[in-house]
Amino acid sequence: MRQGWNFHGDIAIPLETDACMYYGEIGRPNGKIYEADSIEQGTFVETMILLLRESTHNDCENDEVNAFVRECQPFLGKSGHSIPPEIAQQLYNRFRELFK
């Protein structure tokens, strides 16, 4: 992790950008679960799972995505500030590998 790491700047904003690019959204996605503020307040895991499920056409036999979902379950609905930074960054890094 970089010095000065913070959840909003290092995870919430990049994840919002990932979602906006995927959905073809221009500008801030105000009021959506993938808006950076929402991600920081409790939709971090939900947003990653939603994007992975949709990008794999909701394939329930995708073992890598299924394993990722199981790994994320303890953090569903949790604020980014209640997830240890190292774990949050590891989850986001794994998401990026799967989401390519």
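Predicted model: local features only at pLDDT ≥ 70, side-chain atom pairs only at ≥ 80, totals over all residues.
## Overall fold

The chain has 4 helices and 0 strands. From the N terminus on, the order of elements is α-α-α-α. The radius of gyration is 13 Å, close to the 13 Å that the globule rule gives for 100 residues, so the chain is as compact as a globular protein of that length. Along the principal axes, the C-alpha atoms fill a box of roughly 40 × 30 × 25 Å.

Contacts reach across the sequence. Take the contacts between residues at least 6 apart in sequence: 61% of them join residues at least 24 apart. Of the 100 residues in the chain, 42% are buried.

## Surface and charge

The chain exposes about 5,700 Å². Carbon and sulfur atoms supply 49% of that area. The charged side chains number 9 positive and 16 negative. The centres of these two sets lie 2 Å apart.

## Aromatic pairs

The structure holds 6 aromatic pairs. One of them joins F7 and F44, with ring centres 5.2 Å apart and planes at 85 degrees. Planes over 60 degrees apart count as edge-to-face, so the F7 and F44 pair is edge-to-face. F7 lies in helix α1 (residues 7-23), and F44 lies in helix α2 (residues 36-55). The pair therefore ties together parts that are 37 residues apart in sequence. F7 is buried, at 3% relative accessible area. F44 is buried too, with a relative accessibility of 0%.

The rings of F95 and F99 also pair. Their centres are 5.0 Å apart, and their planes meet at 20 degrees. Planes under 30 degrees apart count as stacked, so this pair is stacked. Both residues lie in helix α4 (residues 85-99). They are 4 residues apart, about one turn of the helix. F95 has 0% relative accessibility and counts as buried. F99, at 14%, counts as buried because the cut-off is under 20%.

Ring pairs also build a cluster. Its members are Y22, Y23, Y34, Y92, F95 and F99.

## F95 and its contacts

F95 is found in helix α4. Neighbours within four places in sequence are set aside here. Beyond them, F95 is in contact with L15, D18, M48, L51, L52 and F68. Of these, L15 and D18 fall within the residue range of helix α1. M48, L51 and L52 fall within the range of helix α2.

## K32 in the loop

K32 lies in the loop between α1 and α2. Its relative accessible area is 36%, so K32 is partly exposed. That value sits between the cut-offs of 20% for buried and 50% for exposed.

Again, neighbours within four places in sequence are set aside. K32 is then in contact with E25 and S38. V69 is 37 residues from K32 in sequence. In space, the two are 21 Å apart, C-alpha to C-alpha.

Note on methods: Residues numbered from 1 in each chain as written. Heavy atoms only, no water. Helix = DSSP H or I, 4+ residues; strand = E, 2+ residues; numbered from the N terminus. Rg over C-alpha atoms; globule rule 2.2 N^0.38 Å. Buried < 20%, exposed > 50% of the residue type's maximum accessible area, 1.4 Å probe, protein only. Contact = heavy atoms within 4.5 Å. Areas by Shrake-Rupley, 256 points an atom, 1.4 Å probe, with all protein chains shown as cover. Lys, Arg positive; Asp, Glu negative; His and termini not counted. Charge placed at Lys NZ, Arg CZ, Asp CG, Glu CD. Phe/Tyr/Trp six-rings, centres within 6.5 Å; stacked < 30°, edge-to-face > 60°.
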